[in-house]
Amino acid sequence: MPLLEVTNLKQHFTTKKGFAGNKTVVKAVDGVSLTIEEGKTLGIVGESGCGKSSLGRSILRLVEPTEGSIKFKGKEIVGVSAKEMKELRKEMQIVFQDPYASLNPRRTVRQILEAPLIIHNIGNKIERKELIEDLSGKIGLRKEQLSNYPHEFSGGQRQRIGIARAMALNPKLIIADEPVSALDVSVQSQVLNLMLDLQQERNLSYMFISHDLSVVQHISDKVAVMYLGKVVEIADVAKVYDTPIHPYTRALLSALPVPDPTHVKNRVILEGDLPSPSNPPTGCTFHTRCPMATKECREIIPPLEEKESGHFAACIHV
Amino acid sequence: MARRIFRSPLTVLGLFIVLGILIAALFAPVIATHSPTEVDLVSKLEAPSVEHFFGTDEVGRDIFSRIVYGTRISLRIGLLVVLIAFPVGTILGAIAGYMGGRIDQVIMRITDIFLSFPGIILAMSIAAALGPSIENVMLALAATWWPWYTRIVRSSVLSIKHAEFIEASRALGANPFRILFKEVIPNSIAPATIQASLDLGFVILAAAGLSFIGLGAQPPSPEWGAMLSNSREILREAWWAATFPGIAILLTVLGFNLLGDGLNDLLDPKQR
Amino acid sequence: MDALRFIGKRLLLMIPILIGISILTFAISNTIPGDPARLILGPKATPDGLEALREDMGLNDPLYVQYGRYMSGIGQGDLGKSTYSQRPVVDDLLRYSPATIELTMFAMFITLIIGVPFGVISASRKDRIADQFTRIFALIGVAMPAFWLGLLLLLFFYLKLGVLPGSGRLDGGMSPPEYVTGMYTVDALLAGNWSVFYSAFMHLILPGITLAAVTVGMITRMTRSSMLTVLQSDYIRTAFAKGAPENRVLYGHALRNGIMPVITLLGMAFGHALGGSILVEAVFSWPGLGQYAVNAINYLDFPAVMGVTMLIAVMFIIVNLIVDTLYFFIDPRLKHS
C-alpha cells in the first residue's frame with residue numbers, strides 16, 4: 001500500500017472578473033493521479049503556473065480540492081472532519097519556497113518551533129523545550145539562537161528552520177514546495193543534504209516540487225512532469241531523465257546542461273508561451289507548442305498510459 | 001531607530017510637546033500655581049500677569065492652573081477612547097479580512113454605516129442620547145471611532161493573509177483563533193497603531209468640541225472645550241480666557257500628530 | 001449609457017446604507033435613559049395613566065414594530081415633533097438647512113481656491129521656504145479646533161476692529177431676500193438686491209473662513225503629496241526636459257492627474273465641514289442646522305437631534321455620490337472599464 005494515493009484530483013478556482021462578474025474557472029489541477037511510497041521521494045516538475053504548487057496545497061487540504069480522492073495510509077482524507085484533519089496534519093507537513101515569507105517575522109525561532117507542539121498538545125513546557133533544542137541541533141542552530149527572530153538568520157538557516165518546524169511533529173510525508181529555489185546554489189546542497197539525512201533517519205516520504213530539473217533528479221526516486229494542471233509523464237527518475245517519452249519532457253530536458261563535452265546537443269525549442277490556465281487549449285493542452293502536434297492532438301485528450309513497463313506518458317504519438 | 005527620530009525636527013517637536021503634556025498631567029498639583037476650581041471673586045477677569053500667567057475667568061479662577069489640570073482630563077479621554085476603539089476595531093478588522101466571505105461583508109457594511117455619518121455628528125447624537133457627561137462623551141467617541149481601525153486593519157490583513165507563514169500555521173492544524181491572534185494580528189497592526197497615535201490628538205479635539213456645545217465636561221470642570229464654551233460669555237472683557245485653552249488643544253493635537261507622522265515615516269520610509 | 005449605469009449602481013448601493021443609518025439612529029433613540037411617558041406626565045403620574053400613555057405611544061410594542069412605525073414615519077416625511085419648537089422636525093430642518101448648506105458650500109469654495117494652489121506651489125518648491133510654510137500652516141489647520149479659531153476671529157475682526165459682522169446672516173433690520181433657495185447670497189443675487197447680497201456675504205466671511213481652516217489643511221496636504229508623486233513621473237520630467245514652461249507643466253499636465261486623489265478627498269472634506277458647522281454655527285449664532293442641533297441638545301429635544309443627525313448623514317451620502325460621479329467623468333479609465 002502506498003503512503004499517499006491521489007486519484008483524479010481536481011483543483012478549480014473560480015475568479016470573478018470585472019464589475020459584471022464574468023466567472024472564469026482556472027483549472028489549476030485537472031485530474032492528477034499519483035502515488036508516493038513510504039520512504040521515497042516523488043519529484044514534481046513543470047514550468048511556473050503548471051499547477052504543481054496547487055497540487056501540493058490541495059493534497060494538504062490547505063485549499064479544498066474540487067474533486068477526486070486523496071488516500072493517506074489507505075484512508076480517504078477528502079471530506080474528513082476538521083478534527084480528524086487536525087490529527088492527520090501531524091503526519092503530513094509542508095515546507096515552503098520563500099524562507100523569508102514562511103516564518104512569522106514577529107515570533108522568535110523558539111516560538112515558531114514550539115507552535116506545532118502547542119497546537120497538538122505535545123508534552124509539557126520542559127519536554128517541549130527539550131524537543132525544540134534537540135530539533136534545533138539537527139539543523140545546526142545553537143541554543144542561544146533560538147531566541148532570535150527570523151530576520152537575524154540567512155536564507156539557508158531560515159529554510160532549515162522551516163524544515164525543522166515541519167519535522168517537529170514527526171510526520172510521515174513532507175510536501176516541499178520549491179524548498180531550495182529561493183536559495184543560493186551553494187546553500188541549496190546543504191538544505192538538500194539535510195532533507196536526505198532526515199529522510200534516511202526517519203523513513204520520510206517527500207513530494208518534492210520544483211522547476212529545477214537537476215535538483216529534482218538529484219533527490220527523487222520517481223518523477224512526475226506536469227503541464228497545465230495535468231501529469232504528462234511519470235516514472236522512475238532514471239527512466240524519465242534517460243529515456244523521456246513525452247515531447248514536453250524531452251523539450252524540458254534538452255534545455256538541461258550536460259557535463260559531457262562529447263554530448264551532441266539536440267535541443268528542442270518550445271515555441272510560444274505557456275497558455276493561460278483559465279483558457280487552456282482543446283484536446284492535448286500541449287499541442288500549441290508541441291513539435292509533433294497533428295490535427296488529432298487538437299481534438300483528443302490523451303490519457304496517461306503505461307507506454308513502457310512502469311513508464312507512463314500522456315501522448316497519442318509515442 | 002532613535003537616531004532616525006531625532007533627524008526630523010518636527011518629530012522631535014512632537015515628542016517634546018507630548019512629553020510636556022504628560023509631565024503637566026502627572027505633576028499637575030506641583031506645576032499649577034492655584035487651585036483649578038477655587039472661586040476668587042476679588043481677582044476676577046484679571047489679565048495675564050506674574051500672579052496669574054494666563055489671567056483669570058469671570059469668577060477669578062486661575063486659567064493657567066485650570067489648563068494644567070485640564071491635561072489630565074484630556075489625556076484620560078484620549079487614552080480611554082483609543083483603548084476601547086482600537087482593540088474592538090482591530091479584532092473586527094482582522095476577522096473581516098482573514099475570514100472573508102459573509103462575515104467580511106457584514107462587518108464592512110456595518111463600518112460603512114458608521115462612517116456614513118460625517119465628523120462628530122454621530123458622536124454628538126449618541127452623547128446627547130446618553131446624557132451630557134464626560135463618560136458618555138468617551139463612550140460616544142469610542143462608538144464612532146472603531147470603524148476606522150477596522151478598515152485599516154482589514155486592508156493590511158488582506159495584504160498578508162496569503163503569506164506562507166500563515167499557510168504554514170494552517171498546515172500545522174492551528175485553529176483560526178490562534179492564527180488570528182498569533183499570526184495575523186501581530187503582523188498587521190502597525191498602520192493602525194500609527195493611526196491610534198494620531199487619534200489620541202483627534203479624540204481630544206473632538207471631545208473638546210462636544211464639551212464646547214455642552215455635551216461633555218460640565219462646568220466648573222477645567223476641561224478645555226468647556227472652558228472655551230464658557231469664555232464666550234466674557235469674550236469682550238477677557239481675550240485670554242478664549243485664547244489659552246485653545247492653544248492647549250492645538251498644541252496637544254499637533255504634538256500627537258507630529259509624533260504619529262514621525263512614526264509613519266519611520267515605518268514606511270517610502271512615504272517621504 | 002455607462003454613466004447612467006454607474007450612477008444607478010451607486011444609487012442602489014445607497015439603499016442598504018440608508019437602511020443602516022435608520023437602524024442606527026433608531027437604536028440611538030432607544031438608548032435614551034428614562035421612560036418617555038414619565039417624562040411627559042411628570043412625577044405625579046399615576047401607574048394607570050403611565051400605562052395608558054405607554055400603550056398609546058406604542059412603547060409596549062416589540063422593538064421591530066416600533067422600528068417599522070418609525071420607518072414608515074420617515075417614509076412619509078415624518079421625523080416627529082420637536083419638543084422645543086413644537087413644530088414638526090421636518091419643517092424645522094427645511095427652515096434651517098439652507099443656511100448650513102450656504103455656509104458649507106462657501107467654506108468648500110474657500111478650501112478649493114486656497115488649498116489646491118497652495119498644494120501645487122508647495123509640491124513644486126519642495127523643501128524650500130514656501131513649502132515649509134505651507135506645510136506648517138496645513139499642519140496647524142488640521143490640528144486646530146475650528147470653534148476656537150472662530151472665537152479668535154470674532155474677537156479680533158468683530159470686537160476689536162469692528163470690520164466684519166460677528167453673528168447672524170444679515171445686518172439687523174434688514175429683511176431676507178425673497179425665498180428661492182434659502183441661501184441669502186444666491187437669493188439676493190437672483191432678486192438683484194445688492195445691499196442684501198453685500199450684507200449676507202460679509203456675514204459669511206468669518207464663519208466661512210473658520211469652517212474652511214480645517215479642510216484647507218486637508219486639501220493642501222493631499223494636493224501636495226499627490227502632486228509630488230505626479231511630478232516624479234517620467235512624462236512630467238520629459239515635459240520639463242523638453243523645455244515646456246513651468247506653469248504649463250504644473251497646471252496643465254501635472255494638476256490634471258494630481259487632482260484625482262484630491263477629488264476623492266473632497267467628499268470627506270465636505271463631511272468634515274458639515275460636522276464642523278455644528279460647532280462653528282454655535283460660535284457665530286449662524287441660524288443653521290448646527291445652531292438648531294445645539295439648541296435641541298440644551299433643551300433635551302431628542303427628535304430634533306436625531307433629525308439633524310439623519311439629515312446630515314444623508315447630505316454626506318449625496319455629496320459622496322456627486323463626488324464619485326464627478327470622478328467617473330474626469331477619470332477616463334473608469335469610463336472604459
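Two residues are in contact if their C-beta atoms, placed from the backbone, lie within 7 Å. The model is predicted: local features need pLDDT of at least 70, side-chain atom pairs count only at pLDDT 80 or more, and totals for chains, interfaces and linings use all residues. Residues are numbered from 1 along each chain as its sequence is written, while chains are lettered from A and ligands numbered from 1 in the order in which they are written.

The contact between the chains takes 19 residues from chain A and 15 residues from chain B. On chain B, α8 and α9 each supply at least two residues of the side that touches chain A, and α8(B) gives the most, with 7 residues. Helices (H or I, at least four residues) and strands (E, at least two) are DSSP runs, numbered from the N terminus.

Within chain A, the axes of α3 (109-119) and α4 (125-138) come within 10 Å and cross at roughly 120 degrees. Axes are lines fitted to C-alpha atoms over the stretch in contact, with angles from 0 to 180 degrees between N-to-C directions.

| Helix | Residues in the contact |
|---|---|
| α3(A) | A:Arg110, A:Leu113, A:Glu114, A:Leu117 |
| α4(A) | A:Arg128, A:Leu131, A:Ile132, A:Leu135, A:Ser136 |

Strands β4(A) (67-72) and β5(A) (75-76) run antiparallel, joined by 2 bridges; pairing requires at least two DSSP bridges. A:Phe72 stands opposite A:Lys75. The hairpin has 2 residues between the strands, and A:Lys73 takes a positive phi near 50 degrees.
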